[in-house]
Amino acid sequence: MSTEIVGGAAVAPPASPRSGRAARLRQLAPFLPAGFILIGLFFVPLALMFVFSFWSTDVNLDVLPVWTLENYVNFFENPGYVRTLLKTMLMGAGVTLACLVGAFAVAYFLARYVSRRWARFALLLIIVPFWTSYLLRVYSWQAILGEHGALNQVLMALGVISEPSFLFVYNDVGTFIVLVYVYVPFAALVLYSSLERFDFTQVTAAQDLGANSLRAFRHVLLPQIRPGIITACIFVFIPILGEFLTPSMVGGASGLLIANLVANFFKNALIPEGAAIGFMIAVIVLILLIAFRRYLRVEDVYARG
């Protein structure tokens, strides 16, 4: 490649389009492994589920490649299926709200009143349960909430109840309690990460200027940690849409969620019916991610603040 002399300085000739494309390909090379994994483990299964959701099964449970909307129509015509979906959405919203309240209290205390060294030690204690099996943790809650569990034994010893109660197990209450336990560490870690970077002197300055604690929280603290709050909502709410182990083990027949319905369809070889419901869950997740996307931008948060 030759150079030209312009004004006493060497100027390289413009790069050819081919070399520009090669440079862009070299820049994209590090992302290729992740791209192949994303395509192979997400987009391909999602596409297969989309195709199967429009097929049907015969009396012998054989999948027929006949395109139809019957699976989606049957879902919305069945009140039980729709009620299960709505209950799952409400359960997710309730668990998310409970996790945000509990996690914010812990994260706020650690970020404002505890040194960074001890705060990180406390966060380590919060994530210690993740070192054990998810199945083992759910089984332990059965031992706590069950008919002969620790909670019933304590209540009977205090004279609150005279016989074992099923109030906290094999229903939606038990499912709610265990899901909060499972997902509150995710919210705590995300909120602490946001609060750790927040300058609390801004709250003090707002109070010095006449704002009460609630107004300082709403107009100073909350807008600046909103990305962390939205991220915590995503980390809690979206996985609950796919929860089937906790509802089946703790919730029993009355505490099942939409993922249990999908699992039952696949277990009974009703693949197109299960694929239709699974694809609808995927669409709901996609809509939520699109709706939350703009709130994850820091510039949007400050513009709204």
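Which helix supplies the largest share of the lining of the largest pocket? Helix 14 does, with six residues. The model is predicted, with pLDDT of at least 70 needed for local features and 80 or more for side-chain atom pairs, while totals for chains, interfaces and linings use all residues. Residues are numbered from 1 along each chain as its sequence is written, and side-chain values use heavy atoms, without hydrogens and water.

Here is the pocket (an open set of points on a 1 Å grid where a 1.4 Å probe fits, with protein on both sides within 12 Å along at least five of seven lines; lining residues have an atom within 4 Å of a point). Its space is about 260 Å³. Helix 2 (32-52) also gives at least two lining residues, and domain 1 (1-52) and domain 2 (75-302) each provide at least three.

| Class of lining residue | Count |
|---|---|
| Nonpolar | ten residues |
| Polar | one residue |
| Charged | no residues |

On the surface sits a nonpolar patch with about 900 Å² of accessible area together, including Trp 118, Phe 186 and Phe 235. Patch residues have over 30% relative accessible area and no salt bridge, with nonpolar side chains joined within 5 Å. Helix 5 (residues 116-127) contributes the most, four residues.

The whole structure holds three salt bridges (a side-chain nitrogen of Lys or Arg within 4 Å of a carboxyl oxygen of Asp or Glu). One of them joins Asp 172 and Lys 87, whose closest N and O atoms are 3.2 Å apart. Asp 172 belongs to helix 8 (residues 172-196) and Lys 87 to helix 4 (residues 79-113), so this pair ties together parts 85 residues apart in sequence. Helices here are DSSP runs (H or I) of at least four residues, numbered from the N terminus.

Notes
Points joined across faces, edges and corners; volume = space filled by probe spheres on them. Nonpolar A, V, L, I, M, F, W, Y, C, P; charged D, E, K, R; others polar. Domains from an automatic or database assignment. Patch = residues over 30% accessible without salt bridge, like charges linked within 9 Å, V, L, I, M, F, W, Y side chains within 5 Å. Areas by Shrake-Rupley, 256 points an atom, 1.4 Å probe, with all protein chains shown as cover.
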